Amino acid sequence: MVSPAFTLSMSQDSQHGRWTVSSSDDDDEHLPPSGTKTSGSHRPAESNHSPASLVAVTAPVEVKPEPIKPPVTSLIIGSEARQSAALNQSNPVKYETSPSFAGKRKKEVSDSAGWALSDSDEDDGDVKKKSVSNLPKQTPHSPNTKKPKVEKERPPSPHGRLYYIDEPEDFFESSIPCLNDTYRFYLNKVTGLDKKYNSGALHIRGGFGRRLFNYCFDIAWMVQQYPSEFRDRPVLIVHGDKREAKARLVQQAQPFPHVRLATESCCVSLCRKMMLLWYEEGFRVIILTSNLIRADWYQKTQGMWMSPLFPRLPKGSSATAGESSTFFKRDLLEYLASYRAPELEEWIQRIKEHDLSEARVYLVGSTPGRYVGSDMERWGHLRLRKLLYDHTNPISGEEGWPVIGQFSSIGSMGLDKTKWLAGEFQRTLTTLGKSSIRPDPPVHLLYPSVEDVRMSLEGYPAGGSLPYSIQTAQKQLWLHSFFHRWKANSTGRSHAMPHIKTYMRASPDFTQLAWFLVTSANLSKAAWGALEKNNTQIMIRSYELGVLYVPSAFNMKTFPVDKNPFPVSSSSSGFPVPFDLPPTCYSSKDQPWIWNIPYSQAPDTHGNIWVPS
């Protein structure tokens, strides 16, 4: 293996740390370092081009963490799975030494197993979430030892193939779990939690998995989640893979004749996680934040909206029949049409034949492009602003109602907060009805600290799904004063790092919500869009999708917050916020997780340190 010519130095002399990067002069700021590096006498085992080596230095630190019929056929719309691990080993990533460099260029990324990309995790469509494969905590084998044949391949693990443990017998419900169908917002099951915190959470297997499939794909694992007698149900996968990644996906699908991949004309970059599942009785829409790889369903916090089962309309129904009060049907059809994919025509026609009137959420999507005039309000944060303007109401004392944003990655937002965050984006998030008052409420941004990652169930490798780079962070230190810890004791998920993305407006005492959004969109201009040309057009770089909850659609004035959402109760009227309220501010010692600098002062929960190389 060719090691990259890459060095890092780190200093800390501001409230939230100041970092400097020493390397050569390539400025592709969002690409992670490739290759591995170990210290001491440890040898790497199963190294798969990860952005950091996990070096075992101590004994592990013990942390105690807090039957539905399958679809007849499934449409899975996923994101471009550009396997970014590799960055051709002979052409390593290099970083600009200047902390103030501007502009970047896209680099060709060669495809390699071991990384799964997702989300708007990097600004301007750069590298996405990494599901890294690092050193397992078991004793590494000799490199000269022949590896045994693995009959059932698992998706890449943050710690290596041996990290996963089998879930206990009662992890998957044998019958339909108790669900709160008021909001139809659910968290995923997490391995290693007390049973109470998984009661009513959903998993790809069991009562939920028999009807749900997704996105950045491990096809063999996906198929295994179906009960054996239903594994031949047709599946169409819309993806964005090209070249080597596409060839691997085709190879994965070969043993499964019922799995069909969209043709080249249908493949699009950076599309979102959505599934349309057809049953004999109707169809269901599922919008979620997790990929279809085991790592995403194992020890991360994910969220999803699952629609009711939409029945078929009577024959001869009008073209406008089956619409909901939230115009969900119209917006879903518009979003699918934005792909301009011939393969989706059949599915679009099917949706038109169904009754979606029970949908009580608004669809908030992004599609790449520049939009002017009335089209500016179709996508991105201006779409969210328009919905909040039309469907919420002003609140007395709303200047004290904080805005909360929670995400798993952060893009470049400018040299100060006014460039985007506290300008156009905050104006969107603070919109409540048709009031002309534009208050300046508190803004709380939730993003895991280094300590959150270190003490997580996965340890430091959880940071492979939190790709905030040093090159972005060092240009916007002002942002870190907005940061709050990831704490989720109410849902038992404080040690399950978030891959979920949520935005909301809360009351000053954090007992009520003015609205709530779960989405694929991280905190970036690429995902939400940025105004250009004196605010006469908006430019969006990626596909995103989410659902917005507003109280008026539920005949409420506000949503009460459910302070104890687990175990799930079907009678609860409270909204299950995934994390603790009020949020916990970073202390002067806390730093945001930066994934491409070393953490070697303290071992994680598996006895490892994090060493980028």
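1. Glu167 is a buried residue of this predicted model. The relative accessible area of Glu167 is 16%, and Glu167 counts as buried because the cut-off for that class is under 20%. In the chain, Glu167 belongs to the loop that runs between β4 (73-77) and β5 (185-187).

2. What does Glu167 touch, apart from residues up to four places away in sequence? The partners are Phe172, Thr191, Arg294 and Tyr298. With Thr191, the side chain of Glu167 makes a polar contact of 2.9 Å. A polar contact of 3.1 Å also joins the side chain of Glu167 to that of Arg294. A student inspecting Glu167 may therefore describe a buried residue, given its relative accessible area of 16%, with side-chain polar contacts to Thr191 and to Arg294.

3. The average pLDDT of the protein is 75, and 62% of the residues score at least 70. Over residues 80-156, however, the pLDDT is below 50, although the model gives this stretch 287 contacts beyond near neighbours in sequence. Residues 206-215 also have pLDDT under 50, and for them the model has 59 contacts beyond four places in sequence.

4. The overall description is as follows. The protein has 613 residues, of which 62% count as buried. Its secondary structure comprises ten helices and 23 strands.

5. Which positions carry the UniProt feature "binding site"? The record, an unreviewed entry, places this feature at Lys273 and Lys501. These positions span 229 residues in sequence, yet no two of their C-alpha atoms are more than 12.7 Å apart, so they gather at one spot. Lys273 is situated in the loop between β7 (259-261) and β8 (274-278), whereas Lys501 is in the loop between β16 (483-484) and β17 (502-506).

6. Are these two annotated lysines buried or exposed? Lys273 is buried, with a relative accessible area of 1%. Lys501 is likewise buried, at 0% relative accessibility. The side chain of Lys501 makes a polar contact of 3.4 Å with the side chain of Ser408.

7. The UniProt record, an unreviewed entry, gives His499 the annotation "active site". His499 is found in the loop between β16 and β17, and Lys501 is placed in the loop between β16 (483-484) and β17 (502-506). At 0% relative accessibility, His499 counts as buried. Its side chain is joined to that of Gln302 by a polar contact of 3.1 Å.

8. The count of salt bridges comes to 14. One of them joins Asp331 and Arg383, with the closest N and O atoms 2.7 Å apart. Asp331 lies in helix α4 (residues 328-337) and Arg383 in helix α6, so the pair ties together parts that are 52 residues apart in sequence. Asp331 is buried, with a relative accessible area of 6%, and Arg383 is buried at 9%. Arg330, Asp331 and Arg383 are linked in a network of salt bridges.

9. Arg378 takes part in a salt bridge with Glu334, in which the closest N and O atoms are 2.8 Å apart. This pair links distant parts of the chain, as Arg378 is in the loop between β13 (369-372) and α6, Glu334 is in helix α4, and the two are 44 residues apart. Arg378 is partly exposed, with a relative accessible area of 30%, and Glu334 is partly exposed at 28%. Arg378 also meets Asp375 in a salt bridge of 3.6 Å, N to O. Asp375 has a relative accessible area of 31% and is partly exposed.

10. How far apart are Gly397 and Ser507 in sequence and in space? They are separated by 110 residues in sequence and by 9.4 Å in space, C-alpha to C-alpha. Gly397 lies in the loop between α6 (380-391) and β14 (403-406).

Definitions and conventions:
Residues numbered from 1 in each chain as written. Predicted model: local features only at pLDDT ≥ 70, side-chain atom pairs only at ≥ 80, totals over all residues. Heavy atoms only, no water. Helix = DSSP H or I, 4+ residues; strand = E, 2+ residues; numbered from the N terminus. Buried < 20%, exposed > 50% of the residue type's maximum accessible area, 1.4 Å probe, protein only. Polar contact = N/O pair within 3.5 Å; in protein donor to acceptor, adjacent residues only side chain to side chain. Contact = heavy atoms within 4.5 Å. pLDDT = per-residue confidence, 0-100. UniProt positions renumbered as here; feature names shortened; annotations may be inferred. Salt bridge = Lys/Arg side-chain N within 4 Å of Asp/Glu carboxyl O.
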